[in-house]
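Colleague: I would like to go through this model with you, one point at a time. Please show it first.

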Amino acid sequence: MTPDDFDPLVPGPSALRTVDDHMRSAAEGLRRATAVAAPPLGRRPLGRGGRPGNDHPVLAFSRPRSRKRLVVVALAVALIAAVAVAVERPGTHLRPKPVTPPHLPPPQLYWQDGVGIGRANLDGTGEATLINRGAGITCGIRVDRNYVYWTDGNGAVDRAKRDGSGIDTRFIVTSGNGPPPSVNNPPGTGLSNTPPPKNSPACLAVDGAHVYWTSSEAIGRANLDGTGVEETFIPVQKSSVTGSTCGLAVDRTHIYWDNGATGTIGRANLDGTGAVQDFIVTGSAGPGPTGGSGPAATNVTHAMCGLLVDGAHIYWGAGTVPNMSPTDPTPPAPGPDGAIGRANLDGTGVDNNFITRVGVSLPIPCAEDGAFLYWASLDFTRGPTFDTIGRARLDATDVQPGYVTGPSPTRFEGPGCAIGR
Amino acid sequence: VRYTAPESAPTGSEPQQPYTAEGFDGFYRREYPAVVALAYALCGRPGVAEELAQDAFLTAHRKWEEVARYERPSAFVRRVVINAAVSHHRRLAAEARAVGRLIAGARPAPAVLEGGTAACWRLVRDLPPRQAQAIALFYLEDRSTDEIAEVMDCAEATVRVHLHRARTTLAQRLGALGDDDA
């Protein structure tokens with residue numbers, strides 16, 4: 001039945017007749033319950049000086065506009081005025097103490113350096129080494145309101161307060177906990193002779209309830225207090241470059257990860273259900289060629305790394321990694337500049353080249369501050385190094401490849417960065 | 001504008017002569033229980049329903065010289081009450097006054113609905129506001145769609161759409177209720 005066909009006098013299908021029966025019964029019940037007489041006339045006597053209109057029963061629930069009421073209102077206004085004057089007068093005991101606004105530090109950028117974790121204001125001032133031990137070179141660093149979290153490359157997620165105190169190097173311990181890698185270099189970049197343990201947490205994501213991490217086989221999860229560790233919360237596909245998923249992000253409804261082996265981005269509900277491995281297909285995976293010429297154009301592997309979500313989009317890094325010779329230590333020629341891709345949160349609108357001219361062959365988006373997107377720059381000019389952090393506006397304008405440049409190649413030593421607000 | 005047609009013949013349950021300032025009392029006594037019921041259906045609380053009805057009649061009283069000339073003053077007072085029932089601020093004010101009366105020891109006159117009747121009207125209140133208004137006017141007051149359109153200040157076709165959608169939704173939800181009960 002369409003709305004135009006609706007005739008209140010025609011009962012219609014049985015389901016609608018049921019509605020009619022129920023509603024007529026309910027209407028009768030309501031009519032019986034409210035079969036009350038109107039408040040009688042003249043119930044409220046005239047006040048002294050009151051106007052005849054106030055005697056009406058319609059006003060029975062309303063206050064009469066009597067002279068007494070006006071006096072009460074006038075006294076109340078006078079009292080409020082007196083209090084206001086007293087509060088404003090210096091020296092009076094009613095004057096409230098000035099309220100000190102809570103100390104809110106400016107947004108700060110956190111990164112992994114050769115020692116631990118560094119931090120600076122977004123304008124470049126206030127640079128300091130926040131934590132001088134324990135940070136493995138992975139993509140795992142996240143900051144929430146109270147803590148800095150990082151993966152140590154040794155099977156654990158560590159945590160410290162945002163001022164650097166209260167370091168807990170065994171905040172979350174997984175089955176990947178074991179002896180540290182013999183050479184502490186980025187996994188998959190050709191410098192790591194001994195990779196981290198199989199299930200060692202790599203990338204991190206934090207929301208208001210859980211800490212999530214990637215390992216070589218799955219996404220793990222634990223409660224924000226470190227309890228309830230689930231190492232195989234969501235199974236994933238290995239990355240062809242890093243050996244484990246190289247990007248992890250979470251928003252209010254979903255968790256996202258990159259599948260570097262297939263160039264796809266997976267998504268699942270926050271409770272782990274509804275996992276889809278190819279939610280977004282970027283095509284950034286597998287061997288070259290790149291479309292250019294020369295050895296650098298062919299002797300590369302397409303890679304994607306880094307994942308970031310804001311309120312409307314998901315971002316990932318795409319580019320190339322030169323294939324390194326196991327016998328020749330000479331750094332291979334880097335491939336062409338990579339790009340940062342973007343898609344809508346519903347998986348539509350895939351743009352593999354949303355931000356270009358990033359200055360490196362593999363940008364790894366790691367943080368956003370509501371205006372800018374930041375990326376760690378995996379550069380192969382002198383071999384694989386993380387020398388700079390670049391940024392661009394979220395609309396892909398104002399691209400600044402070397403927004404933060406280290407005084408030495410060891411300043412940035414990992415693809416992880418985060419912004420603490 | 002749609003209320004004011006004093007030269008046309010009154011219809012429905014309205015008296016044959018237009019209300020006058022002296023006729024407000026009769027109008028008030030006759031319409032009060034139905035307006036309280038309508039407010040109760042849309043807000044779900046007897047004390048608040050009384051307050052909303054009082055507000056509506058107070059508005060009618062203040063404009064009585066004009067309202068009395070309307071073809072259907074009852075439609076006016078109902079429009080006021082259905083708008084008040086979905087107005088957040090007016091509901092809050094009515095609830096505050098109802099609470100004040102309760103504290104003062106005054107109990108609401110309407111009985112508290114229970115059982116299937118209460119559940120049924122709860123389903124109606126879960127509908128979008130305009131659909132709930134149309135359903136309440138249709139079933140509670142047995143009004144025709146053109147009368148409902150006059151109260152709701154919309155086209156009759158719109159009322160039919162509201163009723164159609166509301167009945168379809170209620171059919172689904174009442175079915176779910178039946179399943180749950182089983």
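Modeller: To begin with, this is a predicted model.

Colleague: Is A:Tyr315 buried or exposed, and at what relative accessible area?

Modeller: A residue counts as buried under 20% relative accessible area. A:Tyr315 falls in that class, because its relative accessible area is 1%.

Colleague: How many aromatic pairs are there, and of what kind is the one between A:Tyr315 and A:Phe354?

Modeller: Over all chains, the search of the whole structure gives 15 aromatic pairs. For A:Tyr315 and A:Phe354, the ring centres are 6.2 Å apart and the planes stand at 45 degrees, so the pair is tilted.

Colleague: How many residues apart in sequence are the parts that this pair ties together, and which strands hold A:Tyr315 and A:Phe354?

Modeller: A:Phe354 is also buried, with a relative accessible area of 14%. A:Tyr315 belongs to strand E18 (residues 313-322) of chain A and A:Phe354 to strand E20 (residues 351-355) of chain A, so the parts tied together are 39 residues apart in sequence.

Colleague: What kind of pair do B:Phe138 and B:Tyr139 make?

Modeller: Both B:Phe138 and B:Tyr139 are buried. Planes over 60 degrees apart count as edge-to-face. The two ring centres lie 4.9 Å apart with the planes at 80 degrees, so the pair of B:Phe138 and B:Tyr139 is edge-to-face.

Colleague: Which residues do ring pairs link into a cluster in chain B?

Modeller: The cluster is built from ring pairs in chain B. Its members are B:Phe24, B:Phe27, B:Tyr28, B:Tyr32, B:Phe57 and B:Trp64.

Colleague: Over which ring does the charged end of A:Arg159 sit, and over which face does A:Arg267 lie?

Modeller: A:Arg267 lies over the face of A:Phe279, 4.2 Å from the ring centre. The charged end of A:Arg159 is 3.7 Å from the centre of the ring it sits over, that of A:Tyr147.

Colleague: With which residues is A:Met23 in contact, leaving aside its neighbours within four places in sequence?

Modeller: With the sequence neighbours set aside, its contacts are B:Cys120, B:Trp121, B:Val124, B:Ile135, B:Tyr139 and B:Leu170.

Colleague: What is the bridge partner of A:Val211 in E10(A)?

Modeller: Strand E9 (residues 210-214) and strand E10 (residues 218-223) of chain A run antiparallel and are joined by 5 bridges. In E10(A), the partner of A:Val211 is A:Ala222.

Colleague: How many residues of helix H8 of chain B are buried, and what phi does B:Asp153 take?

Modeller: Helix H8 (residues 145-152) of chain B is mostly covered, with 7 of its 8 residues buried; among them are B:Glu147 and B:Glu150. Just after H8(B), B:Asp153 takes a positive phi of about 60 degrees.

Colleague: How many helices and strands are there in chain A and in chain B?

Modeller: Buried residues make up 48% of the 421 residues in chain A and 51% of the 182 residues of chain B. Chain A has 3 helices and 25 strands. Chain B comes to 9 helices and 0 strands.

Conventions:
Residues are numbered from 1 along each chain as its sequence is written. Chains are lettered from A and ligands numbered from 1 in the order in which they are written. This is a predicted model: local features need pLDDT of at least 70, side-chain atom pairs count only at pLDDT 80 or more; totals for chains, interfaces and linings use all residues. Side-chain values use heavy atoms; hydrogens and water are left out. Rings of Phe, Tyr and Trp (its six-membered ring) pair if their centres lie within 6.5 Å; planes under 30 degrees apart count as stacked, over 60 as edge-to-face and the rest as tilted. Helices (H or I, at least four residues) and strands (E, at least two) are DSSP runs, numbered from the N terminus. Buried means under 20% relative accessible area, exposed over 50%, partly exposed in between (1.4 Å probe, protein chains only). A charge sits over a ring if NZ of Lys or CZ of Arg is within 6 Å of the ring centre and within 35 degrees of the ring normal. Contact means heavy atoms within 4.5 Å. Two strands pair if DSSP finds at least two bridges between them.
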